[in-house]
Structures are given as structure tokens and as C-alpha cells.
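Look over the sequence and the structure below. The briefing after it covers charged pairs, a helix contact and the chain as a whole.

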Amino acid sequence: MSENRTGTQSNQQQLKRNLKSRHIAMISLGGTIGTGLFLASGASIAEAGPGGALVAYAVIGIMVYFLMTSLGEMAAYMPTSGSFSTYATKFVDPAFGFAMGWNYWYNWAITIAAEISAVSLIMKFWFPDSSSVLWIILFIAVVLTFNLLSVRAYGESEYWFAMIKVATVIVFIVVSFLMIFGILGGNDPVGFENFIVGDAPFNGGFFAIFGIFLAAGFSFQGTELLGITAGETDDPGKNIPRAVRSVFWRILLFYILAILAIGLLIPYTDPRLLSEDIAVSPFTLVFDKIGIAFAASVMNAIILTAMLSAGNSGLYASSRMLWQLAVDGKAPKIFAKLSKNGIPVYALLATLAVGSLAFLSSFFGDGVVYMWLLNASGLSGFIAWVGIAISHYRFRRALIVQGRGVDQLPYKAKFFPFGPLFALAVCIIVILGQNYTAFTGGSIDWYGVTVSYIGIPLFLILWLGYKIRHKTKVVPLDKCDLDHE
């Protein structure tokens with residue numbers, strides 16, 4: 001163990017700690033504000049009604065808050081680019097850490113593919129007869145270029161990408177509520193008319209709300225990026241807690257207010273919310289509603305920026321995770337090599353190779369492939385969150401058992417142990433029940449089961465395979481490695 005840790009230290013010194021507090025805050029925002037808010041929110045409102053969508057996003061938001069505080073506590077105390085994989089290895093079981101690392105790499109690699117697929121759909125808003133392959137190649141090249149720059153350059157580019165999205169969401173919320181109160185748009189105040197139309201605000205009851213938990217969870221994925229950035233952050237003990245406090249509330253506020261605005265302006269029965277043409281965003285529909293034709297094009301351009309930004313952050317996170325796995329001897333050594341700028345080039349290229357799955361969209365239909373990738377990635381993200389909750393619970397218990405106490409922590413998670421236990425319970429419930437309808441029909445929908453649950457056997461194969469081969473055991477609390485130097 002000591003040799004592995006020493007090797008990790010030696011390699012981590014080559015990573016450039018050039019990310020500032022504003023960078024990591026915006027990287028987390030950039031990884032989160034993307035397809036989930038701009039595209040998937042419409043389908044959530046259509047399926048569960050505006051009230052149901054709000055409840056689902058609020059519950060998942062509370063869960064993510066607890067996860068953020070858990071991760072923030074560990075990342076501020078022990079900053080590492082391996083994040084969840086390293087913590088799971090040290091505080092739970094090396095096999096669990098191995099599976100966590102590869103699961104998270106897979107999660108973001110598939111997310112990159114999903115973002116790139118969505119990019120081709122957005123481009124067809126302007127160029128309907130163009131080839132998906134052309135846009136996929138172009139955006140892979142752009143994202144790769146950003147990530148091949150120095151980490152400071154990457155952080156700066158992502159900062160401005162995220163600024164565009166944040167400004168857009170703020171403008172959207174302000175304009176929407178001006179329309180709702182009849183100040184803008186030349187119409188009478190909308191009020192709560194659309195919020196109570198038909199079966200609204202809750203359409204389909206509890207199970208409809210439960211059914212969109214996965215979409216809500218996918219929307220919030222990316223908040224955990226601050227754990228990955230810890231390895232390249234200057235003064236992580238100060239900057240990580242600051243990011244935890246600021247990012248979560250911004251994201252929650254943006255999502256809750258945006259979904260409320262959409263639910264008030266567009267009735268959940270509007271078929272466009274469920275359109276297979278996912279390039280028609282509910283944000284675009286709102287701007288169309290006030291009769292500004294060019295605003296729809298501007299909005300789609302901003303959505304395009306969001307796709308690029310989310311893919312950019314995803315490639316950063318997954319490549320750093322793959323690099324750390326290689327440093328720890330859990331991935332081929334070639335992925336541990338860094339360029340003179342401290343960039344894991346081979347890890348970047350391997351991750352983008354998986355992103356080439358986006359090419360499938362040109363052969364099997366953009367919308368179908370996009371939703372398949374969305375589901376696969378969403379489940380992997382929940383598995384990663386389960387790992388964060390378990391790791392934090394054992395980390396805090398190990399501190400007490402080893403007599404270190406919590407006073408030495410740069411940042412302490414509130415509501416422990418309720419926070420990680422609540423997050424763990426919600427994540428497990430969503431993972432197991434995300435596609436319960438596949439089992440409730442006359443016969444089991446095996447295709448639906450495969451699409452929805454493929455992440456579970458993949459994770460178990462990684463975990464148990466490593467455990468059997470290396471004969472690993474759960475690390476006793478008094479033996480957990482709490483050294484952070």
C-alpha cells in the first residue's frame with residue numbers, strides 16, 4: 001500500500017495546481033447545466049406535470065446537497081484527482097475503489113457520447129439535411145483541443161462557457177416571470193392557469209414522479225466534478241468548501257425556478273414537450289411564445305454551447321479518473337503518462353474513443369440512441385453517488401475510531417450521519433426501481449430492462465472480478481488510510 005501511495009504522490013506532483021476557486025465553481029456548473037435542464041426538463045414536466053417535476057427535482061436536489069457536503073469534506077481533507085475511486089479504495093475496499101473508478105470513467109465517457117449526439121441534433125435545427133457524422137467529428141475535435149491545452153487554459157475556457165449558460169438561465173427566468181405576470185409579451189397575466197390545467201399539477205401520481213427521478217438525477221450529475229478538480233486546485237482546503245457552498249444553491253435555484261417557469265408558461269399537455277425532435281427545447285418554446293423568431297435560433301446556439309461545455313467537463317473528469325486508475329495500478333500504465341503541460345493525453349484519447357459511440361446516431365436514429373446513452377449514463381452516475389455516500393460514512397467513522405476526531409477537518413459535512421444515509425437510500429431506490437414498468441406488463445420487457453439496468457451487472461463484474469482475483473477484503477476502520485499528504 002505504501003509503495004502505491006508514494007507512486008501516486010510522485011505522479012500527482014506533475015499535475016498543475018492551477019485551478020482557482022472561480023474555475024472549479026464554474027466547472028461544476030458547466031458540467032451540470034446542459035441537456036438535463038435545456039432538453040430533458042420538458043419531458044419531465046409532460047410526464048409528471050409541473051408539480052410532479054418540481055417535487056422530483058427538489059428531492060433529488062436535497063439528496064445531491066448531502067452528497068456534495070460528503071464529497072466536499074473528503075476532498076478538502078484529501079484532495080486527489082482519483083476522488084471517488086481513491087476514497088472507496090482507502091475507506092471501503094480496494095475492489096470497490098477499482099469498480100468505482102471504472103464506473104465513473106464509463107459514466108462520463110458515455111455522457112460525452114450523449115452530448116455529442118445531441119450536438120448533431122441541435123445543428124440540424126439550422127441544417128436539417130446535413131450529416132450527423134460531420135458535426136460529430138467537428139465537435140470531437142473541438143473538445144479534444146480544449147482538453148489538450150494546459151489545465152489553466154481548460155479552466156479558463158470552461159469558466160466562460162459556464163458564464164454563458166448561467167447568464168442564459170438567469171435571462172430565461174427573468175423573461176419567463178415577466179411573461180407570467182403579463183409585463184412582457186403583450187398578453188394577460190398567465191398566472192397559475194397552466195399549472196392546474198387537466199390533471200396538473202401532479203399528472204400520473206407518485207409513480208409518474210418516481211419515473212422521472214432518473215432524469216432529474218442525470219440533470220444534477222456534474223456537481224461531483226469538484227471532487228475530481230481537487231487534485232489540480234490550488235489551496236483545496238479553502239476552495240473546495242467554497243465551491244460546495246456556492247455551486248449547489250445556484251444549481252438548485254436555476255433548476256427549480258426554470259422548471260416552475262416552464263410549467264407556468266407551457267401546459268404539460270403540449271405535445272411539443274414530448275417531441276422526438278429533442279432539438280426543440282422547452283427554452284426555445286418559451287421564446288417562441290413571445291413571438292421573437294430569432295430568439296429561438298439564439299437559444300439553440302446557447303444550447304449548443306452547453307453541449308460543448310458539458311462534453312468538455314466530462315472529458316476532463318473521465319480522463320483524470322482514468323489517469324488516477326493507471327497511477328494506482330488499476331489501469332494500463334500508458335494512461336498514467338502526462339504531457340509536459342501535465343495533461344494525460346493517452347487517457348484523453350482512450351476516453352474519446354468511447355465517445356465515438358455517438359457515431360451510432362447516424363445509423364440508428366439520433367433520438368433513439370441519445371435516449372439509450374442517457375439511460376446508461378444516468379444509472380452509472382447514481383452508482384457513483386452510492387459510492388460517495390458509503391465512502392464518506394466510513395471515512396467519518398474511521399476518523400473517530402482512529403482517535404483523530406472531526407476538528408481537524410477543513411470542512412465538515414452537516415447532518416452526518418443522516419446526510420450520507422439518506423442519499424444512499426434514495427440512490428438505491430432509484431437504481432432498483434428506475435424502470436419498474438418493464439416488469440409490470442403482461443410480459444417482461446427485456447429490451448427495456450437491458451437498456452435501463454446494464455450499468456448494474458457491469459459494476460458488479462468489475463467489483464467482484466477484482467475482488468476474487470486479488471482476494472481483497474473490506475478495510476477495517478482502524479486500518480483505513482487517512483494520510484492526506
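Asp 483 has a relative accessibility of 36%, so it counts as partly exposed. Its side chain meets that of Arg 404 in a salt bridge, with 3.6 Å from N to O. The model is a predicted one.

**Salt bridges**
- Arg 404 is also partly exposed, at a relative accessible area of 31%.
- Arg 404 sits in the loop between α16 and α17, and Asp 483 in the segment after α19, so the pair ties together parts 79 residues apart in sequence.
- The structure has five salt bridges, and one of them joins the side chains of Glu 73 and Arg 396 at 2.6 Å, N to O.
- Glu 73 belongs to helix α3 and Arg 396 to helix α16, which puts the two 323 residues apart.
- Glu 73 is buried at 0% relative accessibility, and Arg 396 is buried at 10%.
- Arg 272 and Asp 270 form a salt bridge of 2.8 Å, N to O.
- Arg 272 is partly exposed at 42% relative accessibility, while Asp 270 is buried at 14%.

**Contact of two helices**
- The axes of helix α5 and helix α19 come within 8 Å and cross at roughly 145°.
- Residues in this contact include Phe 96 and Trp 102 of α5, and Leu 462 and Trp 463 of α19.
- The contact residues of α5 and α19 divide into 13 nonpolar, one polar and one charged.

**The whole chain**
- The chain contains 19 helices and zero strands.
- Of its 485 residues, 60% are buried.
- The accessible surface is about 18500 Å², and 67% of it belongs to carbon and sulfur atoms.

Notes: Residues are numbered from 1 along each chain as its sequence is written. This is a predicted model: local features need pLDDT of at least 70, side-chain atom pairs count only at pLDDT 80 or more; totals for chains, interfaces and linings use all residues. Side-chain values use heavy atoms; hydrogens and water are left out. Axes are lines fitted to C-alpha atoms, for helices over the stretch in contact, and angles run from 0 to 180 degrees between N-to-C directions. Helices (H or I, at least four residues) and strands (E, at least two) are DSSP runs, numbered from the N terminus. Contact means heavy atoms within 4.5 Å. Ala, Val, Leu, Ile, Met, Phe, Trp, Tyr, Cys and Pro count as nonpolar, Asp, Glu, Lys and Arg as charged, and the others, Gly among them, as polar. Buried means under 20% relative accessible area, exposed over 50%, partly exposed in between (1.4 Å probe, protein chains only). Accessible areas come from the Shrake-Rupley method with a 1.4 Å probe; for residues, only the protein chains shown count as cover. A salt bridge is a side-chain nitrogen of Lys or Arg within 4 Å of a carboxyl oxygen of Asp or Glu.
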